[in-house]
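Hello,

My notes on it follow below.

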Amino acid sequence: MDKIEGFVYILGDDINTDAIVPSHALTMRDSNEMAKYTLEFIDPDFVKKTKSLDIIVAGENFGTGSSREEAVKVFKNLGIKAVIAKSFARIYFRNLINSGMPAIKLKWQDANFKNGDAIKIDLNSGNIINQTQKLSLKFPKLPKFIMEVLEEGGIIKRLKKKFD
Amino acid sequence: MSYTIAEKIFKSHSQTDKIEPGQFIEAEIDLIMVHEQLGGRIHKEYEKLGLNQVWDPDKIFFILDHWVPAPTVSAAQMHKDCRKFAEKYNFVHNMGMNKGICHQVLPEMGFSRPGMLIVGSDSHTTTYGAFNCLSTGIGASDVVMVFATGVLWFMIPESFKVELYNNLKEGVMSKDFILTFISDVSTKGALYKSLEFHGESIKDLSIDSRMTISNMVVEAGAKFGVFMPDKKLENWLINRTDKPYSLVKPDKSAEYEVVVEYDLSEISPVIAKPPDPSNLAHVEELEGLKIDQAFLGSCTNGRMEDLRIAARILKGHKINPKTRMIITPASKEIYIDAMREGLIEIFLNSGAIITNSTCGACIGGHLGVLGQNEICLSSSNRNFTGRMGDPTSQIYLASPATVAASALKGEITDPREVLV
């Protein structure tokens, strides 16, 4: 969990949950089927691209909108390993952490990331190395409580451990 | 220590001696609202825990409202899964699918009271802040946690104090204020914050109007939108609950990150253009824009005050034949009251379509879905791309008065021109 390696996919500001999982897909019972519609209004090829790109780098207010945790689940189903954003919508941030998905707040600049960049995230030291652009970026380390939840794979896994 | 309303309520719901912004705490939940999300991931994840019961079946408010009655087979199956779960775990407050929209029915039944900490599987759970309690939206994993333990982690938010003075003018509604506020602070300007509404205007704002404001604070990113309590709230609660409660006011020297004042008499009718609720225009700038659909309803604006002003505008007139108007009362209670007051007859005679109480059109689910390139003027809360239907359709948000006036003309119209 503490070190994550992957390739960047860039998204803009105010990407909302209706765009991540459109309402028409929300009642689907098969989450792999639902994942086929991920971000369809924003990038119809997104699902294909996740075969090689697996770290989302987004702008401000990522995940604004509804409480649908499916908007995190579809990313997990598509193999996304972490999400970096300039800021997160409140419920979406909770949903990411609760699902065991690292959520990193970083006020990044356009020159820091391009689509396809190979990056390495170190959650413990609060450091991202962009191997393609040959630069290193610091981010505010996640609070201890959140790191614990991530290490245990999300709050439900954490709860199960308590019961066991 | 001096505390804001949010800090006070968190303190009374946790074992922590001292509360300060940025701190992580575990808090005990008084009530959880859950709707169709239960039939999504929640029931599956909960079953995996292998528990025989939920923490407290008396503290769960369960209602079906998004896709009622089911417009598709998958929605019907989802409802079946929800009902099965609610029966298996003996939910005491199982509202079924004929009462209306969660954020209207829950307060109507007296479940939101001052001082409570309420969470719900819906982002507009902030609505109950109108009742001087803390309430906010959560996702599926959080719901599972509450069902199992009744406890949830929170970060203590900073608070913004929003002082309201003077009164809204004729034809201007609390929706115009909250849209103006969201535009001023932006969709992320209040991220994670607790908004506290204060000021002399509150006593003149109806409970309906307050609910509209608390409902939409989430569109500025806020965690809570809580109102100062007053006599009007207490009178409202008399008819709704016999449960005890205590009013929560902040300490005099409570610390606010931001203090901002609004003169409500300076607010005028506004419209949020696509694709987000902060993209503001004054109604005058858009006058004449043709609309295919006018939608009056949703948890934001489907209440009596909203229907009454629409009826005042529509009475004795016909809706423009090139525009369809869909009216969705927010609850069965409102539907019945509107019938008794003769509003439903006014709407039907004007050519509007009345639907049962549901989230239907607002979420692009059913009962008012938009086709390609269609334009809708809506009293709801979100104008995101594709939210109400085809991704090429466009949603403009406005007050019920502006929606009704525009339905009449078939184009965006200043309600002050038609109100007599």
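**Notes on chain A**

Contacts first: in chain A, 65% of the contacts with a separation of 6 or more are between residues 24 or more positions apart. Please keep in mind that this is a predicted model.

On overall dimensions, a compact globule of 164 residues would have a radius of gyration near 15 Å, and chain A agrees because its own value is 15 Å. Along the principal axes, the C-alpha atoms of chain A fill a box of roughly 45 × 45 × 25 Å. As for burial, 47% of the 164 residues of chain A count as buried.

The secondary structure of chain A consists of 7 helices and 7 strands. Read from the N terminus, the order of elements is β-α-α-α-β-α-β-α-β-β-β-β-α-α.

How are the strands arranged? In chain A, 7 strands make up an open sheet with mixed pairing, and their order across the sheet is β4-β3-β2-β1-β5-β6-β7. The edges are taken by β4 (103-105) and β7 (135-138) of chain A; each has a single partner strand, so one side of each lacks a neighbour in the sheet. On average, neighbouring strands of this sheet are turned by 30° against each other, direction ignored.

One pairing can be given in detail. Strand β5 (residues 118-122) and strand β6 (residues 127-130) of chain A run antiparallel and are joined by 4 bridges. Within chain A, the residue opposite A:Asp122 is A:Asn127, which belongs to β6.

Regards

How values were computed: Residues are numbered from 1 along each chain as its sequence is written. Chains are lettered from A and ligands numbered from 1 in the order in which they are written. This is a predicted model: local features need pLDDT of at least 70, side-chain atom pairs count only at pLDDT 80 or more; totals for chains, interfaces and linings use all residues. Helices (H or I, at least four residues) and strands (E, at least two) are DSSP runs, numbered from the N terminus. The radius of gyration is taken over C-alpha atoms; the globule rule is 2.2 Å times the number of residues to the power 0.38. A residue is buried if 20 or more other C-beta atoms lie within 10 Å of its own, exposed if 12 or fewer, and partly exposed in between; C-beta atoms are placed from the backbone. Two residues are in contact if their C-beta atoms, placed from the backbone, lie within 7 Å. Two strands pair if DSSP finds at least two bridges between them. Axes are lines fitted to C-alpha atoms, for helices over the stretch in contact, and angles run from 0 to 180 degrees between N-to-C directions.
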